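Open the model in your viewer and keep the sequence panel beside it. This tour tells you what to select next and what is there.

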Amino acid sequence: MPSDKYLRYGLAVPPDDPNQEYMTVQETAYTLKCSVDTIRRLLKELGLHSRPGRRIITDKADRQALHRARHAGRKTTRRKPLASAA
């Protein structure tokens, strides 16, 4: 059974201050109204790197880039639907 801390790691969390310079992935997901997995995927796709340390941290410029990428109307890389057996 996963621990409570592990389960909370994937949930969006409201930041103390929405205008702060640095945020965790969970706070960024809450601010941009998307999932933590979406933020991690976009960070990887856009080639944005985290700040030093173990936690992934975004700054204001990273969040602006993530916001633009989410609302640019580009297609996301998702799995293709399975072909139905006919």
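Helices (H or I, at least four residues) and strands (E, at least two) are DSSP runs, numbered from the N terminus. This is a predicted model, where local features need pLDDT of at least 70, side-chain atom pairs count only at pLDDT 80 or more, and totals for chains, interfaces and linings use all residues. Residues are numbered from 1 along each chain as its sequence is written, and side-chain values use heavy atoms, with hydrogens and water left out.

**Whole chain**

Colour by secondary structure. The chain has 4 helices and 2 strands. From the N terminus, the order is α-β-α-α-β-α.

Show the surface. Buried means under 20% relative accessible area, exposed over 50%, and partly exposed in between (1.4 Å probe, protein chains only). Of the 86 residues, 28% are buried.

A contact means heavy atoms within 4.5 Å. Take the contacts with a separation of 6 or more: 51% of them join residues 24 or more positions apart.

**Stop 1: helix α4**

Select residues 60-70, helix α4. Which residues of α4 are buried? They are Asp62, Arg63, Ala65, Leu66 and Ala69. Look down the axis of α4: these buried residues fall within an arc of 160 degrees, so they line one face of the helix. The arc is that of the directions from the helix axis to the C-beta atoms.

The buried residues of α4 pack against β1 (22-24), α2 (25-32), α3 (36-46) and β2 (57-59).

Then go to the N-terminal end of α4, which Asp59 caps. A side-chain oxygen of Asp59 lies 3.3 Å from the backbone nitrogen of Ala61.

**Stop 2: the largest nonpolar core**

A nonpolar core is a set of buried Ala, Val, Leu, Ile, Met, Phe, Trp, Tyr and Cys residues joined through side-chain atoms within 4.5 Å. Select the 10 residues of the largest one: Val25, Ala29, Leu32, Cys34, Val36, Ile39, Leu42, Leu43, Leu66 and Ala69. The largest share, 4 residues, comes from α3. In soluble globular proteins, nonpolar side chains tend to be buried together.

**Stop 3**

Pick Thr24 in strand β1. Is Thr24 buried or exposed? Thr24 is buried, at 11% relative accessible area. Leaving out residues up to four places away in sequence, Thr24 touches Arg55, Ile56, Ile57 and Thr58.

Move to Thr31 in helix α2. Thr31 is partly exposed, at 28%. The side chain of Thr31 reaches the backbone oxygen of Glu27 at 2.9 Å. With residues up to four places away again left out, Thr31 touches Pro15 and Met23.

**Stop 4: salt bridges**

A salt bridge is a side-chain nitrogen of Lys or Arg within 4 Å of a carboxyl oxygen of Asp or Glu. The whole structure has 2.

Select Arg40 and Asp37, whose closest N and O atoms are 3.8 Å apart. They sit 3 residues apart in helix α3, about one helical turn. Arg40 is partly exposed at 24% relative accessibility, while Asp37 is exposed at 56%.

Finish on Arg41 and Glu45, with closest N and O atoms 3.3 Å apart. Both lie in α3, 4 residues apart. Arg41 is partly exposed at 27%, and Glu45 is partly exposed at 34%.

Notes. Polar contact = N/O pair within 3.5 Å; in protein donor to acceptor, adjacent residues only side chain to side chain.
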